[in-house]
Amino acid sequence: MSEDRVALESFQRDHFGADSPLLDDTHFNWLFEEPPTPDPEGMQLWVCKRNGGIVGQQAGIPFALKVGQRVRRASWAIDLMVAPEWRLRGVGPGLSETHAAASEVSVSLSMTDAAYKSYKRAGWLDLGSIPTYLRVIDPPRCLRVSPYGGGLARLVARLGKPAMSAASLVGHAAARMLGARLVEVERFDERMDDLWEAAAPQHLCAARRDHAYLQWRFDKIPNAARHRRFLVMRGETVMAYVVLRVDRWRGESVGVVCDYLARPGWLMPAFALLVERARRDRLVALVCRTLNAQAARPLSMMGFLCLKNGLRQPTRMMARPAADRPELTPLIGDPKNWFVTAADSDMGFKDLGG
């Protein structure tokens with residue numbers, strides 16, 4: 001790949017834009033050369049050449065995927081791109097097949113319409129879209145900048161700031177009665193391994209979130225300073241963690257929940273503490289993109305609104321087992337089995353305004 005780097009950068013600049021993070025050497029190296037579960041064959045970045053030039057690329061992020069009781073080699077499919085003049089000529093499907101052959105399970109999030117149709121023809125399993133949960137903290141400010149009108153606007157206006165504040169305080173009080181407290185830390189540490197072992201059994205399909213992964217994803221990423229890491233503590237035990245990033249949304253500060261994980265029964269206390277923290281920090285709202293059947297009811301009870309189509313457009317999810325792993329289809333093909341957050345794949349790389 002090194003001999004193609006100059007040509008690759010030119011291709012990426014032309015098709016992803018001059019501001020693409022792929023053109024930043026630090027981001028590029030972090031993403032492709034430093035993942036905690038690397039592909040033994042090398043970085044997951046494939047190109048297609050025609051007439052001596054690069055006409056397409058497919059990248060992947062290798063990761064450890066818990067499927068049932070076992071851990072499988074998996075990869076997030078990212079950054080599939082084919083030059084317009086070479087589309088519908090077999091380049092895209094060829095690159096996608098090469099990527100799929102490298103792992104036991106391939107997963108794709110937030111693909112384009114063209115990629116979605118191509119994956120569908122290739123037999124990928126359609127898991128629907130990743131819901132976005134919106135928790136309004138300050139209704140008047142939120143309505144002023146919200147891209148939504150109609151029903152959402154009427155609902156938020158009817159709830160009003162006093163009601164939302166009261167719900168926040170009640171949830172926070174319940175969490176404190178359990179002995180929970182929210183502690184901000186600068187980096188993740190080895191305690192995350194214990195948390196993962198305790199939390200993992202409740203999720204049938206989830207990317208492993210141990211210390212090595214969290215350290216890579218949030219502490220070593222080039223923009224690590226953007227992330228705030230919160231631990232939910234009871235005594236000396238970590239019951240949950242939440243990673244928060246503050247974005248600017250039409251001039252207002254919005255908290256983006258990049259990732260979270262909780263022991264059984266501790267998701268609601270964790271988010272209750274987070275909502276109260278957001279209220280005290282004067283954020284206009286919290287946004288959490290997650291696929292987690294166990295989160296829907298607790299988040300709803302805390303006033304989160306479920307936006308099926310996200311803030312702008314649906315975030316589609318598709319998965320595909322390797323040809324020699326058909327037994328994985330029933331588990332990975334059911335969206336109710338999955339635990340996904342914005343930390344998965346490259347879904348959380350862009351700001352709300354990006």
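Helices (H or I, at least four residues) and strands (E, at least two) are DSSP runs, numbered from the N terminus. The structure is a predicted model, in which local features need pLDDT of at least 70, side-chain atom pairs count only at pLDDT 80 or more, and totals for chains, interfaces and linings use all residues. Residues are numbered from 1 along each chain as its sequence is written, and side-chain values use heavy atoms, with hydrogens and water left out.

The chain holds 11 helices and 15 strands. Of its 354 residues, 55% are buried (under 20% relative accessible area; exposed is over 50% and partly exposed lies in between, with a 1.4 Å probe and protein chains only). The accessible surface is about 15,800 Å², by the Shrake-Rupley method with a 1.4 Å probe, where for residues only the protein chains shown count as cover. Carbon and sulfur atoms account for 51% of that surface. Contacts are heavy atoms within 4.5 Å. Among those between residues at least 6 apart in sequence, 72% join residues at least 24 apart.

Helix 9 spans residues 267-280. From first C-alpha to last, its 14 residues reach 20 Å, close to the 20 Å expected at 1.5 Å a residue (the expected span is 1.5 Å times one less than the number of residues). Helix 9 is largely enclosed by the rest of the structure, because 11 of its 14 residues are buried. Among them are L267, P269, F271, L274 and R277. R277 has a relative accessible area of 18%. Outside its sequence neighbourhood of up to four places, R277 touches L182, E184, R228 and F230.

The largest nonpolar core has 96 residues. Such a core is a set of buried Ala, Val, Leu, Ile, Met, Phe, Trp, Tyr and Cys residues joined through side-chain atoms within 4.5 Å. Y241, Y260, F271, M317 and W338 have the most contacts inside the largest core. Helix 9 gives the most to this core, with eight residues. Another core lies apart from it, with nine residues, including V136, C142, W249 and V254. F271 touches V257, Y260, C288, L299, M302 and F304, with residues up to four places away in sequence not counted.

Aromatic pairs number 11. Rings of Phe, Tyr and Trp (its six-membered ring) pair if their centres lie within 6.5 Å; planes under 30 degrees apart count as stacked, over 60 as edge-to-face and the rest as tilted. W30 and W216 are stacked, at 4.5 Å centre to centre and 15° between the planes. This pair links helix 2 (residues 25-33) with helix 8 (residues 211-219), across 186 residues. Both W30 and W216 are buried. Y260 and F271 pair edge-to-face, at 5.2 Å and 80°. Y260 belongs to strand 11 (residues 252-262) and F271 to helix 9. Y260 is buried at 3% relative accessible area, and F271 at 1%. Ring pairs also link W30, Y213, W216 and F349 into a cluster.

Charges sit over two further rings named here. The criterion is NZ of Lys or CZ of Arg within 6 Å of the ring centre and within 35 degrees of the ring normal. R5 lies over the face of F28, 3.7 Å from the ring centre. R316 has its charged end over the ring of Y116, 4.4 Å from the centre.

Positive phi values occur at R282 and S345, neither of them glycine. R282, with phi near 60°, lies in the loop between helix 9 and strand 12 (285-292). R282 is exposed, at 54% relative accessibility. S345, with phi near 55°, lies in the segment after strand 15 (338-341). S345 is buried, at 4%.
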